[in-house]
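Here is a short tour of a protein model with its ligand. Take a look at the sequence and the fold, and then we can walk through the details together.

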Amino acid sequence: RDELLFSYNGTLYPVTICSPETFRALESFESRSDDVILAGYPKSGTNWLSQILTDLINISEKKTQDGESGVNDEELEFPYLEVGDAKKYERMTKLRSPRFMVTHLCPENLPKSIFKNKVKILLLIRNPKDLATSFYHFSNGLSILPSYETWDDFFTDFMTKKVVWGSYFEYLSKWNNYADEENVMTITYEELKENPVVGVKNIAAFLGISVTEEELQLVVERSSFQSMKKNSQKTHGALGNVLFRKGAVSDWKNLFSEDQNEKMDKAFEEYVGGTKLGKKLKYEVYCK
Ligand code: A3P
């Protein structure tokens with residue numbers, strides 16, 4: 001595992017896609033006020049939301065084409081902000097607006113200019129038990145991450161910050177400090193799963209993008225788990241099968257022991273019990 005991961009400011013990252021040079025370069029990244037950022041811890045559904053956001057941005061662009069020149073991000077840059085080489089931020093200055101990016105980082109590790117410019121951030125959160133379940137299967141399916149002999153081993157690492165991008169509970173607790181900012185909208189995996197039409201509508205409104213009923217239906221259909229899984233070979237190559245695993249709520253019930261349930265319930269209470277994000281996650285509904 002030492003060969004696969006490195007530590008930066010006390011948090012682990014995969015060596016194959018992240019580097020200290022890139023993190024240092026990121027500090028001086030200049031945001032634009034019309035950038036759109038999706039913030040979500042790994043396995044919260046970031047690929048799902050990326051599909052929704054890029055579709056919405058494309059719809060909006062088609063309506064407001066004003067001949068602005070520039071290049072399309074998708075062709076040029078992997079949208080995960082902290083992933084890639086240190087020169088990517090220079091290249092990103094050539095992308096046309098609005099630029100779309102995704103990040104797994106905590107707010108304190110994001111460049112200051114994002115908050116200074118009040119960049120719109122869609123914060124995606126998922127119930128911690130399903131998230132850990134998804135993370136476990138993902139770690140075992142992806143060669144750039146350590147694999148685990150048992151779920152118990154993974155659970156221990158997950159609860160003690162020994163997974164990439166650090167502790168999910170710290171992540172939630174830190175983002176909770178930003179949950180009331182007007183440029184931050186929070187959405188949960190579970191609410192989007194339960195009512196994608198309303199979810200997509202709210203996201204569009206937050207971004208100031210007007211969509212017709214027909215467009216809305218199309219975005220919802222294209223971002224359904226079934227559609228994304230079907231297209232995954234084309235969109236994500238071999239990674240597709242690992243990424244679009246189950247797409248369900250409550251799969252954690254197949255893995256957690258009583259003791260693990262208790263440990264997680266305690267950690268949840270300790271870090272985010274009673275907070276805005278804690279309440280939004282409806283822990284009582286999805287994790288009990
Ligand atoms: P599971 O492993 O529980 O199936 P990320 O994109 O952040 O890596 O998150 C991956 C998780 O989101 C996986 O969860 C994946 O199946 C789920 N997911 C991906 N696309 C989805 C969709 N369109 N609808 C619902 N869940 C989706």
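How do the residues of the shell around the ligand divide into nonpolar, polar and charged? Six are nonpolar, eight polar and four charged, where Ala, Val, Leu, Ile, Met, Phe, Trp, Tyr, Cys and Pro count as nonpolar, Asp, Glu, Lys and Arg as charged, and the others, Gly among them, as polar.

Before going further, please note that this is a predicted model, in which local features need pLDDT of at least 70, side-chain atom pairs count only at pLDDT 80 or more, and totals for chains, interfaces and linings use all residues. Residues are numbered from 1 along each chain as its sequence is written, and side-chain values use heavy atoms, with hydrogens and water left out.

**The ligand site**

There are 18 residues around the ligand, and T46, S134, Y189, K246 and G247 come nearest (a residue is near if one of its heavy atoms lies within 4 Å of the molecule). Helix α2 (46-63) and helix α12 (225-236) each supply at least two residues of this shell, and α2 gives the largest share, three residues. Helices here are DSSP runs (H or I, at least four residues) and strands are E runs of at least two, numbered from the N terminus.

| Protein atom | Ligand atom | Distance |
|---|---|---|
| S44, polar backbone atom | oxygen | 3.3 Å |
| Y189, polar side-chain atom | nitrogen | 2.7 Å |
| F225, polar backbone atom | nitrogen | 3.4 Å |

Taken alone, the ligand exposes 570 Å², and the protein buries 98% of that (Shrake-Rupley method, 1.4 Å probe).

**The nonpolar core**

The largest nonpolar core has 89 residues, and L49, F158 and I203 have the most contacts inside it. Such a core is a set of buried Ala, Val, Leu, Ile, Met, Phe, Trp, Tyr and Cys residues joined through side-chain atoms within 4.5 Å, with buried meaning under 20% relative accessible area and exposed over 50%. Helix α2 gives the most to this core, with seven residues. Beyond its neighbours within four places in sequence, F158 is in contact (heavy atoms within 4.5 Å) with residues including Y41, P128, L131 and M264.

D265 is found in helix α14 (residues 258-272). Its side chain makes a polar contact of 2.9 Å with that of K129 (N or O atoms within 3.5 Å, one able to donate a hydrogen and the other to accept it). K94 is found in the loop between α4 (88-92) and β4 (100-103), and K94 is exposed, with a relative accessible area of 60%.

How values were computed: Buried means under 20% relative accessible area, exposed over 50%, partly exposed in between (1.4 Å probe, protein chains only).
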